[in-house]
Amino acid sequence: MKKKIQRILIWIFELSLFCGYFYILFVNLVCGLGYGGISSRGQAIKILIVSFILDVALPGLIWYQHRRIMKLEKLLDEIYDIFDKIK
C-alpha cells in the first residue's frame with residue numbers, strides 16, 4: 001500500500017512539473033507582450049530565450065533534486081533495516 005501511495009504522489013508531482021513548464025512559458029510570454037508589446041524581432045527572441053531557459057532549467061532541476069532525495073531516502077531506509085537486524 002505504501003508503494004502505491006508513493007507512486008501516486010510521484011505521478012502527481014511529475015504532472016505538476018509538466019503543467020508548470022507550460023505555465024511558466026505562458027506567464028513569460030504574456031508578461032513580455034503585456035509591457036508595451038513587442039516592437040522588434042529582437043525583443044521577441046529575447047522573451048522566447050528567457051522563457052525557454054526557465055521552462056527547461058527550473059522543472060528539470062527540481063525533478064533531479066526530487067529523484068536524488070528519493071534515492072537517498074531509500075538508502076537511509078536500507079541502512080536502518082541493516083541496523084535493526086544487527087540489534
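This is a predicted model: local features need pLDDT of at least 70, side-chain atom pairs count only at pLDDT 80 or more; totals for chains, interfaces and linings use all residues.

The protein chain has 87 residues, and 10% of them are buried. Its secondary structure comes to two helices and zero strands.

**Overall build**
- Helix 1 covers residues 2–34, and helix 2 covers residues 41–86.
- Among contacts in the protein chain with a separation of 6 or more, 67% are between residues 24 or more positions apart.
- The protein chain exposes about 7600 Å², and carbon and sulfur atoms supply 71% of that area.

- Is isoleucine 12 buried or partly exposed? It counts as partly exposed, because its relative accessible area of 45% lies between the 20% limit for buried and the 50% limit for exposed.

- A positive surface patch is formed by Lys2, Lys3, Arg7, Arg68, Lys71 and Lys74.
- Which elements give two or more residues to the positive patch? They are helix 1 and helix 2.
- Lysine 74, a member of the positive patch, is found in helix 2.
- A negative surface patch is formed as well, by Glu73, Asp77, Glu78, Asp81 and Asp84.
- Aspartate 81, one of the negative patch residues, sits in helix 2.
- With a relative accessibility of 45%, aspartate 81 is partly exposed, because that value falls between the 20% and 50% limits.

**A link across the sequence**
- Isoleucine 62 belongs to helix 2.
- Its relative accessible area is 39%, so isoleucine 62 is partly exposed.
- Which residues does isoleucine 62 touch, leaving aside those up to four places away in sequence? Isoleucine 62 touches Phe13 and Leu17.
- Isoleucine 62 and leucine 17 are 45 residues apart in sequence, while their C-alpha atoms are 8.3 Å apart in space.

Terms used
Residues are numbered from 1 along each chain as its sequence is written. Side-chain values use heavy atoms; hydrogens and water are left out. Helices (H or I, at least four residues) and strands (E, at least two) are DSSP runs, numbered from the N terminus. Buried means under 20% relative accessible area, exposed over 50%, partly exposed in between (1.4 Å probe, protein chains only). Patches are made of residues with over 30% relative accessible area and no salt bridge: like charges are joined within 9 Å, nonpolar side chains (Val, Leu, Ile, Met, Phe, Trp, Tyr) within 5 Å. Accessible areas come from the Shrake-Rupley method with a 1.4 Å probe; for residues, only the protein chains shown count as cover. A salt bridge is a side-chain nitrogen of Lys or Arg within 4 Å of a carboxyl oxygen of Asp or Glu. Lys and Arg count as positive and Asp and Glu as negative; His and the chain ends are not counted. The place of a charge is taken as NZ of Lys, CZ of Arg, CG of Asp or CD of Glu. Contact means heavy atoms within 4.5 Å.
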